[in-house]
Amino acid sequence: MTSRILVAGIGNIFLGDDGFGPEVVRRMSNRFTDGAAVRVVDYGIRGMHLAYDLLDDWDGLIIVDAVPDRGAPGTVRVFEANHESFGSTTTLDAHGMDPGAVFASLRALGGSPPRTIVVGCEVADIQDGIGLSMSVSAAVDNAVQAVEAAVTMLTSADAVREG
């Protein structure tokens with residue numbers, strides 16, 4: 001059985017580097033052509049939409065998002081999300097886009113999150129304005145490669161579990 005992977009770009013394009021996720025998925029729009037196996041979506045700030053889409057029984061989720069600056073803007077970080085660390089809020093949050101709010105909304109809807117990989121980039125500037133900073137813009141191609149590697153890893157992990 002083919003693994004179903006959802007790649008979700010999240011962020012606000014009107015807040016500088018917060019638009020990192022949407023820019024990465026924009027560049028990936030034609031990377032996966034195998035139908036429903038990998039779906040790439042720019043969710044922007046529509047967290048509730050992502051929560052509802054996660055009810056569709058995905059095998060894996062890759063979140064592409066800006067992450068806080070820890071002194072190295074433009075650095076791409078890849079890590080597996082620990083769903084328990086996102087808090088225990090169980091109410092619907094129609095206006096929240098952070099992963100914790102999305103997963104809490106998903107649980108409130110009766111769903112549970114799939115294995116989740118985060119591909120994040122440390123931000124340089126999240127002030128009002130359209131466009132990524134130079135350091136974050138330079139990281140987009142690395143993030144595209146990281147997403148492709150995460151898709152391969154998630155589909156391989158599912159194949160091992162089935163075999």
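1. The side chains of R27 and E23 come together in a salt bridge with an N to O distance of 3.1 Å, where a salt bridge is taken as a side-chain nitrogen of Lys or Arg within 4 Å of a carboxyl oxygen of Asp or Glu. R27 and E23 both belong to helix α1 and sit 4 residues apart, about one turn of the helix; helices (H or I, at least four residues) and strands (E, at least two) are DSSP runs, numbered from the N terminus. An α-helix has 3.6 residues a turn, so residues three or four places apart point the same way. R27 counts as partly exposed, at 31% relative accessibility, on a scale where buried means under 20% relative accessible area, exposed over 50%, and partly exposed in between (1.4 Å probe, protein chains only).

2. Please keep in mind that this is a predicted model, in which local features need pLDDT of at least 70 and side-chain atom pairs count only at pLDDT 80 or more, while totals for chains, interfaces and linings use all residues. Residues are numbered from 1 along each chain as its sequence is written, and side-chain values use heavy atoms, with hydrogens and water left out.

3. E23 also forms a salt bridge with R26, the closest N and O atoms being 2.6 Å apart. R26 and E23 are 3 residues apart in helix α1 (residues 20–27), so about one helical turn separates them. R26 counts as exposed at 51% relative accessibility, whereas E23 is buried, with a relative accessible area of 17%.

4. A further salt bridge joins the side chains of D53 and R39 (3.5 Å, N to O). This pair links distant parts of the chain, with D53 in helix α2 and R39 in strand β2 (residues 38–44), 14 residues apart. D53 counts as buried at 11% relative accessibility, and R39 is partly exposed, with a relative accessible area of 32%. Elsewhere, salt bridges that share partners join E23, R26, R27 and D141 into one network; the structure holds 6 salt bridges.

5. On the overall layout, the protein chain has 5 helices and 5 strands, and its elements run β-α-β-α-β-β-α-β-α-α from the N terminus on. Of the 163 residues in the protein chain, 47% are buried. Among contacts (heavy atoms within 4.5 Å) between residues at least 6 apart in sequence, 81% join residues at least 24 apart.

6. Strand β5 deserves attention, as 7 of its 8 residues are buried and it is mostly covered. It runs parallel to β3, to which 8 bridges join it, and I62 stands opposite I117 in β5. Strand β4 (residues 76–80) runs antiparallel to β5 and is joined to it by 5 bridges, with F79 opposite V118 in β5; two strands pair if DSSP finds at least two bridges between them.

7. Helix α3 (residues 99–108) has 8 of its 10 residues buried, so it is largely enclosed by the rest of the structure. Those buried residues are P99, G100, A101, V102, F103, A104, S105 and L106, and what covers them includes β1 (5–10), α2 (47–53), β3 (60–67) and β5 (115–122). Just after α3, G110 takes a positive phi of about 95 degrees.

8. The largest nonpolar core has 24 residues, and those with the most contacts inside it are V7, F20, V24, I62, V64, V147 and V151; such a core is a set of buried Ala, Val, Leu, Ile, Met, Phe, Trp, Tyr and Cys residues joined through side-chain atoms within 4.5 Å. The elements that give two or more residues to this core are β1, α1, β3, β5 and α5 (140–162), and the largest share, 8 residues, comes from α5. Leaving aside its neighbours within four places in sequence, V7 is in contact with residues including V25, V38, I62, V64, V147 and V151. A second, separate core of 16 residues includes L6, I10, V41 and L50.

9. I130 lies in the loop between β5 and α4 (134–137), and at 67% relative accessibility I130 counts as exposed.
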